[in-house]
Structure formats: C-alpha cells, structure tokens
Amino acid sequence: MHTTLSVFLAETSLIKMSGLDISMIVIYFLAVLGIGWYLKGRTSTGEDFFLAGRSMTAWVAGLSFLAANLGALELMGWAASAYEYGILAAHWYWIGAIPAMVFLGLVMMPFYYISRTHSVPGYLKLRYGESTRALGGVCFAFMTVLMSGINMYAMAAVMQVVLGWNLHFSIWVSSITVAVYVGLGGLTSAIFNEVLQFFLIWLGALVIPIVGLTECGGWTGLKDRIIQNVTHGGTYLHMWSTLGNFQDNPMGIQWVGIVFGLGFVISFGYWTTDFLVVQRVITTKDLRSAQMAPIIGAFFKMAVPLIVILPGLIGLGVFNRHGMTLVSADVAKPGQYTYNDVLPLLLVRYAGPGLLGLGVTALIAGFMSGMAGNVTAFATVWTYDIYRPLIRPLFRSQTSMAATATVGGGAGNGPVDGDEVAAAGDDQHYLKMGRWSTIIGVLVSIGTAYLAMQFSSIMDYVQALFSFFVAPLFGTILLGMLWKRATAAGGFWGLLIGTASSVGMWVWVKIDPSALSIIALSKYAQPMAQNMYQALWSWCICVIITVVVSYMTQPIPEARLKGLVYGCTEMPSSAHLPWYKRPFFWGMLALVFLVILNVMFW
Amino acid sequence: MSEKKTLPIWFFIGVLLLIYGILCLAAGISQFSHPPAIVLPDVHATFWGGVVLTVVGGGYTAFYWPRK
C-alpha cells in the first residue's frame, strides 16, 4: 500500500500528513460522490439539471453564491496578497464586493428572476436579441472552460508543492470526481457540494486566526509586531488613510482606482453579470429568496477576511520576526518560500493531526467546487445559449426550425418566450446534452490544464481575457435593465467595442509598459492599478457607444420590454412583509456594517 | 425538482461534520499525552476543534434527520 501511494507522492512537501489526515480527505471524496449518486435519481428534467429545479432556499443559494467564489486559489491568493500588501487586500472583500452584492439583490435580481431566464446570456437575448447573446454566450463559455482548466492546473501545482502529490494524479482524480458528481446530479449536486465546502473552509481555516492571534498577543500585539518587523509597517495596517497617493501604500494604487475601478466596475461586473455566481441565485424558489440570497452572501463575505486577510497579516507578524521572509514567486530561489505559501505554512504551524487533515480537505474542496462551478455554468450556457439557438437548428428540419423560431430574432419578444420553453421531448434532449457537455467541459479543462503546464504564461493571458469581458458586460446589462431607450444595435456594439477597447489597452501596455502611466493617470501606478483603470475605461466606452448607437437606431416598443427593464416592469412589492423580512432592510444593514468596518480600519 | 423528496443539504453537512468531529476529538484527546510538534500545543486546538465539529455536526444531523 505504501509503495503504491509513493508513486503519487513526491519526496519533499510543505505538509506531512498522518494517516488520520489522509483518511479525512478520502471521506470527503466519498461524501461528494455519494451526494452526486443520491441526487441522480432526483434530476429528471432540464430545469432540475441546469437550475436545480428552481427550488433552493435563500440560505442555500446565498452560501453557494459565496462558495462558488471562495475557492482555494482565492484563499491562498488573497492570504498571499495580504502578506504582500497588508490590510489593503481586504478592499476586495468589502468595497470590492458588498455594494455589488446588495445591488444585485435589490436592483438586478428582480429582472433576472421575473424574466425567468436560464442564464445571463439568456437575458441578453431577451433584451438585446440573438447577436448579443451569441457574443456573450460564446465568450463566456470559451473563457469559463479555459479558466476551469487553468484552475485545475493551479490546483495540481499547489498540491505538488504543499502535499507532494503528482501533478497528473491531482488533475485526473479531481476532474473525474467533478465530472461524476456534476454529471449525475447537475447544478443541485454542485450547489450541495459548495455549501458543504463553505462549512469545511470556515471550520478548517479558523484555527489560523484563533491560534495566530493567541501567539501574537491579540490584534494590538499583531499590529506592534508588523510595525516592528516590516519596513513602513504602519502602511500595511490602514485601508484608506494611505490611498491619497500611489506612492504612499504598498499596492501602488490610489483611492479613485479602488472606489470607481474596483468598487464599481470590476466588482459590479463580476458579482452581477458573471453567470458562474449569478446562476446560484436564479435557482431560488421565489423572488424574495432570490433577493435575499446575495444579501446573505454579503454578510458572510464581510467576515471572510478573518480567514484570508488576517492569516496574511499574522504571517507578517510571526515569520518576519524569526528572520524568515517570504518572497515573490518571480524571484524565489529553490527551497525559498513564496507569498503563496503563507496559508499552508501557518496551517502546518498551528494545526496538528486531525485539524491539519480538515484544513487540507477544505483546500481540496475549494479547488473542486471552483471547478464544478465553472463546469455547471459552461454546461448551461453551452446547452441553452449556444447549442439550442445556434447549432441544433442546423440539424433539424425546416419545419422544426420554424417552430423553434429563435435564430436571428430581434430584441425582446418579452420574457419567457418560446426560446425559454422546451417541449417534453426537447427537454430530455437538452438534459442529455447537459450531461454530455459536463463531461466534454471537464475533458477540455483537462486539455487546458496540460496546455498551461507547457506554457505557464497562458495562465496570465486567459485570466486577463476573462477580465476583458466582465466590465463592458456590466455596462451592457446595467443599461439594459435601467434604460428603456437602449436598443439591440446599441447593446451589441457597446459590448463588442467595450471588450475590444479593454483588449487594446492590455496589448498597449504589453508592447509599451510606459502606457500604464497614461491609462492609470500616474507615473507611480503599479500593475494592480492597470486592472482597475482598464476596467473603468472599457466600461465607460461601452456605455458611451451603447448610448450613441441607441439614439441613432429605432427604439424598442415598450410592450416588448415588459419584465426586462425598469419603468416597463411592475416590481413586486415587499410592503406586506414585516420589516425584518424585507430584503431592503437587510441590504441596508449590510451597507451600514460595511461603513463601520471601513471606519474601524481607516 | 422531481417528485421524490430530497434530503436537505444540512443533513449531509451534519453527518460529515459529525464524522470529522469524532475523528478530531479522538486525535485531540490523544494529543494531551502526545503533543504534536506545532506552535502552542497547549492550546489543544485539535481537541476544541473536535468539540465544535461534533456539537455542530451532531446538532445538524439530529435536527435534519429524515422523519416519515
């Protein structure tokens, strides 16, 4: 047995696990496969497979919404960023998430929910027409499956360093497991496992802040240690007071980029239009649950820095004190620890057998649920937004094509149109397509993972490509929901030119790095600032083009915009509910907490 | 969803956390006599973690146990 296992294990690793720790990982794999098997018999329609039967409660959808984003790369990456940049990294969890989540729940969710769309590209079809959906759907599906593979490779690389596992072993075991449980139980299975992972991550990671703060002498002791250990350590402990100038903080960024680039465009773009997360919310059983789900997620999101940012700061307090400084992966020599190792190093420092197994299981669960999230979103968009309108009609008779009547349609046949309702036979066909596209999605992801293994720079390119699309898409959907004058042509050209402008800026900086100072408006700007300003400009360009082209084209009759646009849609009132059940109350409370946290760490 | 009644996710979470809790509790008890080579072993994090997992997992399992 030991000889067989040693094939999959390298000689050196960051973490040495006991038999108990390994058995906890095995139990986790058996549990997720068991849940997939259990849910197989309960997934008999397309709606079951792609939308979890639209039966989830606000709590399940809310935790899943958050967990889909709380992958292991996220945990380890932001702990590393907190070690590198200090508490500034918490902006990505607070201003960079909470307002957008509340906005999704209170303003955008009614339109996604009332339109009964299956997906975000599905809303684009209803609002702007087939061409905009095709652009959105193809870009999203392509990027999602590539991201899934790149995450898979990143996971395997981390497992190799941290646990000493063989790369191929990690890739194949995790991807086969995901393919089996998502293929069997569809989105319900993915959501169940995401909620499970949410609990594992919290319970597995909490040991670090609790024991770490005990070692440092509480928050005050930790702050004293950072000020002593790190050059300009005081700047690592403030969220806003160092953001007046680019050169005053470790991140090389200024408040305009944080507020408008991160807090508005990037955050709203990701949390309100990325189908990977939005899909979890549209599975809810009613509109109130759909509105409450992202708000519930917002409260937990505010607490995530406790298990992500605080460990990074604890790393600054304990490692540097003992002369052990972690370095950037770009300059690390063999045997030297990097920023990315801060979370595993702290886990080894504080967790004995048992808790160590739980922590490692939480990391593996985080990786797998991230992969499952990508695969379920891909399967839905592929089946409903690419295969059904663009590919299947090519293989059907002319009569059937006329009945489907979806290809080349203009904007707004109103929500719940013929495209969104499938006949029983069709439904079984799409269910089968969903299961196959899950398997194919996983296989393409494996291919991408091997591609990334050969060309590691592809990881940067694909991550950048994904970000190109999100900011302009937010502009297109926001105008679509709030401005009834936006036309099909305006939406299409705004999205296309906005995305192209984002790509253009990125290429410009690649060719001429000094262009960053023009895009970010400062010669002191660092690469982190580029993402913010690139997103901001591409969003502005998308909005301007959409407005200009819309005024140049014929408006869409208001009757077609019912259920899709503010002012043309009767918004359900929550006045009959007691105040403590109203989404508005909880949304505002989340924003109040956000303000208090930012003032506390000003 | 299809007509078959589905067990709530909270039940599955409860069972898994209960199993992990019992394993951590057992490991934590043994670590009183054989402390692991970690920082602050006298905090007994594994034992207390096991207690929390067992209580949370046991509570969820009992509350969401399938009844006819």
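Predicted model: local features only at pLDDT ≥ 70, side-chain atom pairs only at ≥ 80, totals over all residues.
Q: At what angle do the axes of helix H11 and helix H15 of chain A cross?
A: Two packed helices are described by the angle between their axes and the distance between the axes. Here H11 (residues 218–229) and H15 (residues 309–318) of chain A cross at roughly 55°, and their axes come within 8 Å. (Axes are lines fitted to C-alpha atoms, for helices over the stretch in contact, and angles run from 0 to 180 degrees between N-to-C directions; helices are DSSP runs of H or I, at least four residues, numbered from the N terminus.) H11(A) and H15(A) are therefore oblique to each other.

Q: Which residues of H11(A) and H15(A) make the contact?
A: Contact means heavy atoms within 4.5 Å. H11(A) brings in Trp219(A), Leu222(A), Arg225(A), Ile226(A) and Asn229(A), and H15(A) answers with Leu310(A), Leu313(A), Ile314(A), Leu316(A), Gly317(A) and Val318(A). Sorted by class, that is eight nonpolar, two polar and one charged residues. (Ala, Val, Leu, Ile, Met, Phe, Trp, Tyr, Cys and Pro count as nonpolar, Asp, Glu, Lys and Arg as charged, and the others, Gly among them, as polar.)

Q: Are H14(A) and H24(A) roughly parallel or roughly antiparallel?
A: Helix H14 (residues 287–303) of chain A packs with H24(A) at an angle of about 15°, axes 9 Å apart. The pair is therefore roughly parallel. H14(A) residues that meet H24(A) include Arg288(A), Ile295(A) and Phe299(A), and those on the H24(A) side include Pro583(A), Trp586(A) and Leu597(A). The contact of H14(A) with H24(A) has eleven nonpolar, two polar and one charged residues.

Q: How do H1 and H2 of chain B pack?
A: H1 (residues 9–33) and H2 (residues 45–63) of chain B have axes 6 Å apart and an angle of about 155°. That makes H1(B) and H2(B) roughly antiparallel, therefore. Their contact divides into 17 nonpolar, ten polar and no charged residues.

Q: Back in chain A, is Pro583(A) buried or exposed?
A: Buried means under 20% relative accessible area, exposed over 50%, partly exposed in between (1.4 Å probe, protein chains only). Pro583(A) is buried, at 4%, and it lies in H24 of chain A. Beyond residues up to four places away, Pro583(A) touches Leu106(A), Arg288(A), Gln291(A), Met292(A), Ile295(A) and Ser574(A). Asn598(A) is also found in H24 (residues 583–600); this asparagine is buried, at 8%. Leaving aside neighbours within four places, Asn598(A) contacts His91(A), Trp94(A), Met239(A) and Trp240(A).

Q: How many residues are in the largest nonpolar core?
A: A nonpolar core is a set of buried Ala, Val, Leu, Ile, Met, Phe, Trp, Tyr and Cys residues joined through side-chain atoms within 4.5 Å. The largest one has 209 residues, and Tyr112(A) and Ile309(A) have the most contacts inside it. Its largest share, 19 residues, comes from helix H17 (residues 355–391) of chain A. Among the residues Ile309(A) touches are Trp78(A), Ile87(A) and Tyr93(A).

Note on methods
Residues numbered from 1 in each chain as written. Chains lettered and ligands numbered in written order. Heavy atoms only, no water. Helix = DSSP H or I, 4+ residues; strand = E, 2+ residues; numbered from the N terminus. Parallel < 35°, antiparallel > 145°, perpendicular 65-115°, else oblique.
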